[in-house]
Amino acid sequence: MPRPAHKDAPSHGAQPRKAALEHKPPPSPEAHAAALQRAIAKIPADARSLATYKLIRHSPSSPLTVKPSRGESHQLAAAERFFERHPCRLLYSAASASPRQHAPNAHVPEVAILGASNVGKSSFLNALAGRSRSGGSGALAHVSQRPGRTTLMNVFGVGPRPKVPASLVRKGSAPPRHSLILVDTPGYGYRSQASWGEAVTGYIRERHMLRGAVLLLSSEKGRLLPEDEWLLKTLAEANTRTLVVLTKADKGGRGDWPARCGAMADMLLRELRDLNESVGGGWRTAAGATGDVFITAAGMDTTGKLGNGAGMGAVRAAILEMAGFTLQDKVAKKDEAVTYTGPIVSFDDIPWQ
């Protein structure tokens, strides 16, 4: 499996998290469970409140946080401007991860969006880019009632035009028009094609500008499916920075989303911790938001524009941080991230249960 270019290189351009270096002892399981229950009790469970939350984050140190700090509020506002003030365009579609079917990219960070066929990926992409959630003419991705409809890898450009010196642009090519590339991958699982794993993991292996992956998991399921477990393991072994996002927080049928999503996020943190330990501890110690689980309701019905609401603000900021940007009053690009390549397990080799 892929490993860093040299033993001291952090994964995908990240810097070691100071908290990880301090070796603070984790709270006892009893204390952690009590803290989670206190956090759940403080959060209104109605959909109206859910729509107003710009940040819904579950971390090992702060269970189920919905109130950003002053500094985080500035970061969320900067992320919203990045995604919504600039046109978002479909750049191209590709039937596979073959380099011949994907445009060359030497300058713009890429982030892959992964998820099962019925996880709400199209709604998530539309909300991320500030587009219509109904799947109408203003939508970025078509929202279908039938899972497994996306069979291509659709590549979108978002954000302002980056400042790339003309001398660095390949002769005969146009300079990049967007600061970030989002890659919408076909959903896996129900009605998805058997070649999914080979295509997506091939893209992770081949694309040198890939800075990480966003894995969407449905909070309706309440558990990890075998396909989810396999993909998390693959991302960990590939040392790919991974942002884990729970979707459909508003789809529980009752006003109990804090308890339902909090319990699943807590389970996911344990799973991520175990996976990190199984690959030597380098995957989940990367700096930034990739150590947390985020909760969203991207497809919920609201009056007016969703914007950063329903948890999307924090996810936007986390994606930008993972892609190599800093967020203060504006979004700025950091040093280029490091990409690692190597063999990946084929989809056909998954031990299905």
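1. The largest nonpolar core of this predicted model has 90 residues, and the residues with the most contacts inside this core are Val-111, Phe-124, Leu-180, Val-214, Leu-217 and Leu-243. Helix 9, which covers residues 312–323, gives the most to this core, with 9 residues. In soluble globular proteins, nonpolar side chains tend to be buried together.

2. Once its neighbours within four places in sequence are left aside, Val-214 is in contact with Val-111, Ala-112, Ile-113, Leu-114, Phe-124, Leu-243, Val-245, Ile-319 and Met-322. Among these partners, Val-111, Phe-124 and Leu-243 are, like Val-214 itself, listed with the residues that have the most contacts inside the core.

3. As to the chain as a whole, the protein has 9 helices and 10 strands, and buried residues make up 52% of its 353 residues. When contacts between residues at least 6 apart in sequence are considered, 77% of them join residues at least 24 apart. The accessible surface of the protein chain comes to about 16800 Å², and carbon and sulfur atoms account for 51% of that surface.

4. The structure holds 11 salt bridges, including one between the side chains of Lys-233 and Glu-237, with an N to O distance of 2.5 Å. Because Lys-233 and Glu-237 lie 4 residues apart in helix 7 (residues 226–237), about one helical turn separates them. The two partners fall into separate accessibility classes, since Lys-233, at 40% relative accessibility, counts as partly exposed, whereas Glu-237, at 16%, counts as buried; the cut-off that places Glu-237 in the buried class is a relative accessible area under 20%.

5. A further salt bridge joins Asp-256 to Arg-260, with the closest N and O atoms 3.7 Å apart. Here both charged residues, Asp-256 and Arg-260, are buried. Side chains of opposite charge can pair when their charged atoms come close.

6. The side chains of Arg-273 and Asp-274 also meet in a salt bridge, with an N to O distance of 3.6 Å.

Technical notes:
Residues are numbered from 1 along each chain as its sequence is written. This is a predicted model: local features need pLDDT of at least 70, side-chain atom pairs count only at pLDDT 80 or more; totals for chains, interfaces and linings use all residues. Side-chain values use heavy atoms; hydrogens and water are left out. A nonpolar core is a set of buried Ala, Val, Leu, Ile, Met, Phe, Trp, Tyr and Cys residues joined through side-chain atoms within 4.5 Å. Buried means under 20% relative accessible area, exposed over 50%, partly exposed in between (1.4 Å probe, protein chains only). Helices (H or I, at least four residues) and strands (E, at least two) are DSSP runs, numbered from the N terminus. Contact means heavy atoms within 4.5 Å. Accessible areas come from the Shrake-Rupley method with a 1.4 Å probe; for residues, only the protein chains shown count as cover. A salt bridge is a side-chain nitrogen of Lys or Arg within 4 Å of a carboxyl oxygen of Asp or Glu.
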